[in-house]
Amino acid sequence: MIDQRRLPAALEVIALHTVGEVVEAIRNMTVRGAPAIGAAAAFGLALAANESPAWSAEDFLADLETAAQSLKASRPTAVNLAWAVDRVLTVIREQLFKNQETILDDLRPMVLAEAQKIADEDVEINKRMGQYGAALIEDGDTIIHHCNTGALAVVDWGTALGVIRTAHEQGKHLHVLVDETRPRLQGSRLTAWELGQYGIPYEIISDNMAGYFLRSGQVQKVLFGADRISANGDVANKIGTYMLALAAHENGIPVYSVAPTSTIDLSLANGSLIPIEERDPDEVLGIQFHGERVTPEGARARNPAFDVTPNRLITAIVTENGIVRPPFDVNLRKIVKRNL
Ligand code: MRU
């Protein structure tokens with residue numbers, strides 16, 4: 001995988017050999033972005049399957065379940081992680097239910113095959129979201145984009161940035177205002193780097209500039225991804241999304257969240273039930289300016305990694321099955337059902 005902590009300074013591809021390394025890579029954000037950590041976790045289970053010393057199918061499943069627990073706990077907000085892990089486990093459980101005599105030599109490759117299927121499907125899903133979402137983008141639009149939702153955040157192509165890429169490939173002239181996305185700077189480090197690769201014009205803005213640009217009529221759309229969407233359409237996404245959506249709504253600018261149906265969690269009635277990850281305060285405190293730390297010795301900080309944008313601020317949610325508009329509590333169920 002690409003070590004996303006090193007971009008844009010270096011494009012380094014690293015190899016992971018154990019499920020423990022995958023858990024740590026997800027936790028420390030070597031790999032990040034909801035669909036990307038889902039796929040990484042699925043491959044993590046394939047490593048766990050390789051590592052398992054089990055001689056019986058029962059012990060093998062128990063080893064996978066232990067690995068699944070630590071993978072799921074590595075980052076709690078993005079539901080794609082638990083979704084991908086559970087999908088792999090279900091394949092193994094169903095196989096054992098059908099045929100208890102299945103030998104381990106047959107089970108191990110099944111874990112890897114399901115992980116690969118998740119990865120392959122993700123690319124296709126992103127392309128479909130790109131097609132649906134690009135229909136919302138007009139020639140000449142200036143778009144504010146939050147966090148990183150590009151190829152780095154998924155297996156390939158991107159969610160919100162995938163929509164922008166598709167619209168760009170259709171020949172639409174776009175300009176992207178890239179929220180730098182404090183404190184981890186996914187916007188200025190990763191999204192700006194990706195937009196440069198695709199030849200899409202952009203400028204970086206600090207997160208607190210968004211209100212200025214929205215109010216002065218310089219922006220036509222706001223686009224971001226999602227880490228978990230509750231049944232009523234509340235969207236948990238990178239910290240700062242809520243403030244951005246508020247300012248856009250106040251100024252009548254459409255707000256689009258782009259996410260695969262694997263990000264929709266129908267088991268949660270509303271966004272207040274979504275677990276919000278609190279990360280190490282040093283991510284806030286450790287920022288440097290001109291080579292010096294910007295915070296006094298001993299300063300304390302808070303660091304929630306995500307916030308929840310209430311559904312009333314969201315114009316539409318773009319999925320691989322189509323564009324969902326309010327009432328989200330009714331229409332999200334319909335769009336997820338199409339997968340069944
Ligand atoms: O903490 P991160 O960088 O993993 O957070 C990522 C986001 O919030 C993205 O917007 C989200 O995963 C959707 S993009 C595919």
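Reader: Is the crossing of helix 1 and helix 3 right-handed or left-handed?

Author: Please keep in mind that this is a predicted model. In it, helix 1 and helix 3 cross in the right-handed sense. The contact is built from V19, V22, V23, I26 and R27 on the side of helix 1, and from A67, S70, L71 and S74 on the side of helix 3. Sorted by class, this contact of helix 1 with helix 3 has six nonpolar, two polar and one charged residues.

Reader: How is the packing of two helices described in general?

Author: Two packed helices are described by the angle between their axes and by the distance between those axes. For helix 1 (residues 19-27) and helix 3, the axes come within 8 Å and cross at roughly 15 degrees. Angles under 35 degrees count as roughly parallel, and helix 1 and helix 3 are therefore roughly parallel to each other.

Reader: At what angle do helix 2 and helix 3 cross, and within what distance do their axes come?

Author: The axes of helix 2 (residues 34-51) and helix 3 cross at roughly 145 degrees and come within 9 Å. The crossing of this pair, helix 2 and helix 3, is right-handed. Helix 2 contributes A41, G44, L45, A48 and A49 to the contact, while helix 3 contributes F60, L64, A67, A68 and L71. By class, the contact of helix 2 with helix 3 has nine nonpolar, one polar and no charged residues.

Reader: How far apart are the axes of helix 3 and helix 5, and at what angle do the two pack?

Author: Helix 3 (residues 57-74) and helix 5 (residues 104-134) have their axes 10 Å apart and pack at an angle of about 25 degrees. That angle makes helix 3 roughly parallel to helix 5. Helix 3 passes helix 5 in a right-handed crossing, and the residues in contact are A57, F60 and L64 of helix 3 together with L104, L107, R108 and V111 of helix 5. In terms of class, the contact of helix 3 with helix 5 has six nonpolar, no polar and one charged residues.

Reader: Turning to the sheets, what is the strand order in the open sheet of seven strands?

Author: The seven strands of this open sheet have the order 3-2-1-4-7-12-13, with mixed pairing. Strand 3 (202-205) and strand 13 (322-324) stand at the edges with a single partner strand each, so one side of each is left without a neighbour in the sheet. From one strand to the next, the twist averages 25 degrees. Within the sheet, strand 7 (residues 255-258) and strand 12 (residues 316-319) run parallel and are joined by three bridges, and V258 has V318 in strand 12 as its bridge partner. Helix 5 packs on this sheet, touching strand 7, strand 12 and strand 13, and its direction makes about 140 degrees with that of strand 12.

Terms used:
Residues are numbered from 1 along each chain as its sequence is written. This is a predicted model: local features need pLDDT of at least 70, side-chain atom pairs count only at pLDDT 80 or more; totals for chains, interfaces and linings use all residues. Side-chain values use heavy atoms; hydrogens and water are left out. Axes are lines fitted to C-alpha atoms, for helices over the stretch in contact, and angles run from 0 to 180 degrees between N-to-C directions. Helices (H or I, at least four residues) and strands (E, at least two) are DSSP runs, numbered from the N terminus. Angles under 35 degrees count as roughly parallel, over 145 as roughly antiparallel, 65 to 115 as roughly perpendicular and the rest as oblique. A crossing is left-handed if the near helix is turned anticlockwise from the far one by less than a right angle, and right-handed if clockwise. Contact means heavy atoms within 4.5 Å. Ala, Val, Leu, Ile, Met, Phe, Trp, Tyr, Cys and Pro count as nonpolar, Asp, Glu, Lys and Arg as charged, and the others, Gly among them, as polar. Two strands pair if DSSP finds at least two bridges between them.
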